[in-house]
Amino acid sequence: MLVIFDCDGTLIDSEIIASAIDAEALTRLGRPTTPAEFSRRFTGIPYRDIWALIEQELGRPLPEGFLEEMKTVSHKRFAEELTVIDGVHDAVEAVAGLGLKRCIASSTQLEGLRRNLTTTGLLEVFDPHVFSASQCARGKPAPDVFLLAASQMGADPADCLVVEDSVAGVTAARRAGMPVIGFTGGGHADDELADRLSAAGAAVVLSAMRDLPRIAAAHFGV
């Protein structure tokens, strides 16, 4: 029995920072966008996939060095501002206390994912069970990273429980044949996120991480 955590917006409060950076950049490119709009549309999707889609919509290539510049800005902001979602440490410890295995399956590139987990003190909690869509052929909403995580952890997809804050992530989990809990406790969450996650297939939606151990215990019957 395995609990699979998304990372951004689920374990660490990074989506609100990233959406602000990305919305500002897209506005500079001539497409005025708010952080809320950017988050609603793109949360959970691998970064390069997001900007490849935007490039197509703009009808022109991104400026030379654009993604590298964005990466530099993000690294600086994350190093200064990144925090753990409230209640995560206690919830993860409680999940382990139930005898459940745990891992991370994220859309973030593996190098950046591990750096962000180190910044927030979470790498030592999950290492080496940290998996990224960059290790797969396709990112979320494809199921690849969740199937990779289950395979590496020796778990059948039906015996997994995913915790996700994005429609893309919930969709990916359901396509992997995994039940999924929606999470709305990140700083980027709007008033309609719970409804969107439910519509995408989340069986339960939590607004506080402290409720996760109870839901996981009930789901697995432990």
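In strand E2, Lys-101 is the bridge partner of Leu-2, and E2 pairs with strand E1 (residues 2-5) in the parallel sense over four bridges. Here strands (E, at least two residues) and helices (H or I, at least four) are DSSP runs numbered from the N terminus, and two strands pair if DSSP finds at least two bridges between them. This is a predicted model in which local features need pLDDT of at least 70 and side-chain atom pairs count only at pLDDT 80 or more, while totals for chains, interfaces and linings use all residues. Residues are numbered from 1 along each chain as its sequence is written, and side-chain values use heavy atoms, with hydrogens and water left out.

**The sheet**

- Six strands, in the order E3-E2-E1-E4-E5-E6, form an open sheet with parallel pairing, and its edge strands, E3 (130-132) and E6 (204-206), each pair on one side only.
- From one strand to the next the twist averages 25°, with angles running from 0 to 180 degrees between N-to-C directions and axes being lines fitted to C-alpha atoms, for helices over the stretch in contact.
- E2 and E3 run parallel and are joined by three bridges, and Ala-105 stands opposite Phe-131 in E3.
- Three bridges also join the parallel strands E4 (residues 160-164) and E5 (residues 180-183), where Val-163 stands opposite Ile-181 in E5.
- Helix H6 packs on the sheet and touches both E2 (101-106) and E3, its direction making about 140° with that of E3; contact means heavy atoms within 4.5 Å.

**Helices H1 and H2**

- The axes of H1 and H2 come within 8 Å and cross at roughly 105°.
- H1 and H2 therefore count as roughly perpendicular to each other, on a scale where angles under 35 degrees are roughly parallel, over 145 roughly antiparallel, 65 to 115 roughly perpendicular and the rest oblique.
- Ser-19, Ala-20, Asp-22, Ala-23 and Leu-26 of H1 meet Pro-35, Phe-38 and Ser-39 of H2, and by class this contact has five nonpolar, two polar and one charged residues.
- In this classification Ala, Val, Leu, Ile, Met, Phe, Trp, Tyr, Cys and Pro count as nonpolar, Asp, Glu, Lys and Arg as charged, and the others, Gly among them, as polar.

**The largest pocket**

- A pocket is found on a 1 Å grid over the protein atoms alone, as an open set of points where a 1.4 Å probe fits, with protein on both sides within 12 Å along at least five of seven lines, and lining residues have an atom within 4 Å of a point.
- The largest pocket holds about 820 Å³ of space, a volume being the space filled by probe spheres set on grid points that are joined across faces, edges and corners.
- Its lining has 39 residues, of which Pro-46, Tyr-47, Ser-107, Thr-108 and Gln-109 lie nearest the centre.
- Two or more lining residues come from each of H1 (15-28), H2 (35-42), H3 (47-58), H4 (66-81) and H6 (110-119), and H4 gives the largest share, six residues.
- By class, the lining of the largest pocket divides into 13 nonpolar, 15 polar and eleven charged residues.

**The second largest pocket**

- About 160 Å³ of space lies in the second largest pocket, which is lined by 15 residues, with Ser-39, Arg-40, Thr-43, Leu-193 and Arg-196 the closest to its centre.
- H2, H9 (167-175) and H10 (193-200) each supply at least two residues of this lining, and H2 supplies the largest share, four residues.
- The lining of the second largest pocket divides into six nonpolar, four polar and five charged residues.
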